[in-house]
Amino acid sequence: MNKLTKSHIIAYFIVGMGSIIMLAPFYFMFVFATHTNSSILSVPPPVWFGGEFINNVGILLDALPYFWHNIGLSFYVALITTILNLFFCSLAGYAFAMFEFKGRNLMFILIMGTMLLPPFLGMIPTALIMSKLEWMNQPRALYIPMACGAMGIFMMRQFISSAIPKELIEAARMDGCNEFAIYWRVVVPLITPAFGTLGLITFIGQWNNFMGPLVVMNDMKMFTVPLALRALQGTGQVPWGAICAGAAIAVVPLMILFVMTSRKLIDGLTAGAVKG
Amino acid sequence: MSSVESAVRPPVVKIRKRTLKQRLNASGYKWAPYLFVSPFFVIFAVFGLFPLLFSLFLSFHYWEPAAGLGAMEWVGIENFTFTLTDGWFQTSVYNTIWIALAAGIPQHVVAIPLAYFLHTSFKRSRNTVVGMYFLPFITSSVAISLVFTTLFSRDFGMINMLFTSAGNWTVGDIQPLAWLFPTANIDWNRPEYTKTMIAFVVFWRYVGWNTVLYLSAMQTIPKDLYEAATVDGAKRWQQFWYITVPMLKPMMFFAVTLTIIGNLQLFEEPFIITGGTGGIEQAGKTAAMHMYITAFVEGDFGTASAISWILFALIAFLTWGNNKLLGEKK
């Protein structure tokens, strides 16, 4: 019709092609999860779903006898990390947003500065500390170090200072409410939207965490899902169908979570970026 | 039971208890914030700061972990000089920087126009499309790297099949695309292709994240700028080049910084794709992987700590350079 629609069509075409590239690996993950190894290894490989998913899960469970336990452990660790983060980060965020106290800005800068430290720097000594504490192969080795992150504190501070008027806190204080009760009864109910966002980010981050468990978990029963999947590699004949089935099982919960909450999640992740 | 106890308890104590509680309440305003921020500092001290200092201490020692903590031997800067002159370390740094550039530059070159398309041409479907591009970012890098190893395999990989079918496509007697695409399957595990493969997976994983960053920055650019440009007769690509790109500069700085920091620490994707070995001739071994292998496979914790500090210095230096190059000059 006019020039504008032509450029729109080009834009739609390019973006459409791009999204095919983005989604194709997921598609083939599901397709391969439903085929036997020999069918995946045939030329050309399958492009449509087969009926071997249950079989592949069987192969997966033969190679990883604790796979369901591994999923449960991943879920448990991610959930505990999330709960601890919501509690500690909101508490600290509340202090930074609503209190005037000596050293506040310095402490805040220090906390933000820890985000610049690359995680691999602490990898070796963390492994040593965990073995000294005899926390190897213990879920707490995963959730305690992650219980309160700088990013969560930042998010909570931003949200609390914009969503809660200081007068509300002062009114509660004047009525004789103690400081923790103010947090628990006034602040917490008002920050549930931020809880949702931070909870999602923390849960997904911990569910996908690979480096942490890699150095503290060496008993197959205590593997988290990413570690368990990795253990499928290099076991002689590589069971591609089973690997894809396991990958699909690891990814599907996140996909569902993401489809339900994508707006919230993306906004939360970029919250610090836009202002910066 | 409790009623008996409270009846026994003298009233004086009760009153004193209340005054103490009141006193605490009044002073609560002063100590509460410190208490509220303390969990972070306690956790950081034990699992952040102490490991950091310990790894610095370790980097000046030779240590066989099996011999216990007492067996540490002070070696000065030997671990550092050894690492810096070690050919494998140099290879791993070269690999890291190669992959960081090959994955990092396209990420931004693609993400900016993509975000612009999404910003200008997509209205109702924008969130869905953004979601598709963002999905790789939230999924498990291990799971998806495993899937990519199947897609990239030589004999049955989907990617080779697509490439060779384009390369072998014939019109009459000639193969018009044979100059661009291979006509035989590529062995992606060969040293010359390993880095390309890893870089593609990293690009694929993070391009959507960068798009989202740029898209969110574009949404803050005032609309009047575009309106004024349209009145002056600027075409769409001119608006993109003369308005959008300059206005995105602060975000570019932020996003490029994140890419530098992230790509130089690359670990999971190359680790899974090369099966933890670094690939043939170590072509896919990154510096972070080199550190991991030195510590946990070879058992040399001192050298590994030195590697981690050298890598940290490298990241800090490049971030500083980026700051000089792209940072806001105010």
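Is Phe60(B) buried, partly exposed or exposed, and what is its relative accessible area? Phe60(B) is partly exposed, at a relative accessible area of 22%; buried means under 20%, exposed over 50% and partly exposed in between (1.4 Å probe, protein chains only). The model is predicted: local features need pLDDT of at least 70 and side-chain atom pairs pLDDT 80 or more, while totals for chains, interfaces and linings use all residues. Residues are numbered from 1 along each chain as its sequence is written, chains are lettered from A in the order in which they are written, and side-chain values use heavy atoms, without hydrogens and water.

**View 1. The largest nonpolar core.** This core has 193 residues. A nonpolar core is a set of buried Ala, Val, Leu, Ile, Met, Phe, Trp, Tyr and Cys residues joined through side-chain atoms within 4.5 Å. Among those with the most contacts inside the core are Tyr94(A) and Phe134(B). Helix α14 of chain A (residues 240-275) gives the most, with 16 residues; helices (H or I, at least four residues) and strands (E, at least two) are DSSP runs, numbered from the N terminus.

**View 2. A stacked pair between chains.** Phe258(A) and Phe134(B) are stacked, 5.9 Å centre to centre with 25° between the planes. Rings of Phe, Tyr and Trp (its six-membered ring) pair if their centres lie within 6.5 Å; planes under 30 degrees apart count as stacked, over 60 as edge-to-face and the rest as tilted. The pair runs from helix α14 of chain A to helix α5 (residues 126-138) of chain B. Both Phe258(A) and Phe134(B) are buried.

**View 3. The pair of Phe60(B) and Trp74(B).** The ring centres of Phe60(B) and Trp74(B) are 5.7 Å apart and their planes lie at 20°, so this pair is stacked. Phe60(B) lies in the loop between α2 (11-58) and β1 (61-62) of chain B and Trp74(B) in strand β2 (residues 73-74), so the pair ties together parts 14 residues apart in sequence. Trp74(B) is exposed, with a relative accessible area of 59%.

**View 4. Helix α8 of chain B.** This helix (residues 191-218) has 28 residues. A bend of about 35° occurs at Tyr206(B), taken as the angle between axes fitted to the seven residues ending there and the seven starting there. Of the 28 residues of α8(B), 23 are buried, so the helix is largely enclosed by the rest of the structure.

**View 5. A charge over a ring.** The charged end of Arg157(A) sits over the ring of Phe108(A), 4.0 Å from its centre. The criterion is NZ of Lys or CZ of Arg within 6 Å of the ring centre and within 35 degrees of the ring normal.

Definitions and conventions:
The expected span of a helix is 1.5 Å times one less than its number of residues.
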